[in-house]
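Here is a friendly walk through the model, one region at a time. Keep the sequence and the 3D view open as you read.

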Amino acid sequence: VFVIVARPHQGSHPAPNRMDDYEGSPHENEEWIDIWERIKEDDPDTKGLDLCGSENDAQNFTDEDWEQLGRDISNNTHLTHVSLYHGALDDRKMSFLFRGLTRSDTI
């Protein structure tokens, strides 16, 4: 069981995997790709995902990226929390994320 937390912007709250100098699509950033791969591969050492909406990695997600992230999260058996904050989700992005979550074989 994991919890998805969507928090409103309330001042500075850096994510553990913050990428301050990141520019470009999320697929161009090796650190983000590594995090996503660990989630996809169900890495037992990856317990959580913190995604800040003010960073380019979240801003540049396509609808398909959000849906795939939802599938990968839902198929992961080790995640205990997913934190999306500083505007990472709007109604449109949330609908694609949850579409991916509900298309999972494990939910």
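## Where H1 meets H3

Trp36, Ile39 and Lys40 of H1 are in contact with Asp65, Gln68, Leu69, Asp72 and Ile73 of H3 (contact means heavy atoms within 4.5 Å). Helices (H or I, at least four residues) and strands (E, at least two) are DSSP runs, numbered from the N terminus. The two helices, H1 and H3, pack at an angle of about 45 degrees, and their axes are 8 Å apart. That makes H1 oblique to H3. Axes here are lines fitted to C-alpha atoms, for helices over the stretch in contact, and angles run from 0 to 180 degrees between N-to-C directions. Angles under 35 degrees count as roughly parallel, over 145 as roughly antiparallel, 65 to 115 as roughly perpendicular and the rest as oblique.

Before going further, a word on what you are looking at. This is a predicted model, in which local features need pLDDT of at least 70 and side-chain atom pairs count only at pLDDT 80 or more, while totals for chains, interfaces and linings use all residues. Residues are numbered from 1 along each chain as its sequence is written, and side-chain values use heavy atoms, with hydrogens and water left out.

## The overall layout

The protein has 4 helices and 3 strands, and along the sequence they follow the pattern β-α-β-α-α-β-α. Of its 107 residues, 43% count as buried; buried means under 20% relative accessible area, exposed over 50%, and partly exposed in between (1.4 Å probe, protein chains only). Among contacts between residues at least 6 apart in sequence, 79% join residues at least 24 apart.

## H3, an enclosed helix

How many of the residues of H3 are buried? The count is 9 of the 12, so H3 is largely enclosed by the rest of the structure. Among them are Trp66, Leu69, Gly70 and Ile73, along with Asp63 and Ser74. From its first C-alpha to its last, H3 reaches 17 Å, close to the 16 Å expected at 1.5 Å a residue; the expected span is 1.5 Å times one less than the number of residues.

Glutamate 67, in H3, is buried with a relative accessible area of 9%. Leaving aside neighbours within four places in sequence, glutamate 67 is in contact with Phe96, Leu97, Arg99, Gly100 and Arg103. Aspartate 65, also found in helix H3, is buried with a relative accessible area of 9%. A polar atom of the aspartate 65 side chain lies 3.0 Å from the backbone nitrogen of threonine 62. Such a polar contact is a pair of N or O atoms within 3.5 Å; within protein, one must be able to donate a hydrogen and the other to accept it, and residues adjacent in sequence count only if both atoms are side-chain atoms. Aspartate 65 and glycine 100 are 35 residues apart along the chain, and their C-alpha atoms are separated by 9.5 Å.

## H4, a helix with two faces

What caps the N-terminal end of H4? It is aspartate 90, with a side-chain oxygen 3.1 Å from the backbone nitrogen of arginine 92. Aspartate 90 lies in the loop between S3 and H4 and is partly exposed, with a relative accessible area of 39%.

## Loops worth a look

Most residues other than glycine have a negative phi. Histidine 86, in the loop between strand S3 and H4, has a positive phi of about 60 degrees and is buried, with a relative accessible area of 14%. Aspartate 42, in the loop between H1 and S2, likewise has a positive phi, near 60 degrees.

Serine 54 sits in the loop between S2 and helix H2 and is partly exposed, at 42% relative accessible area. Not counting residues up to four places away in sequence, serine 54 touches Gln59 and His86.
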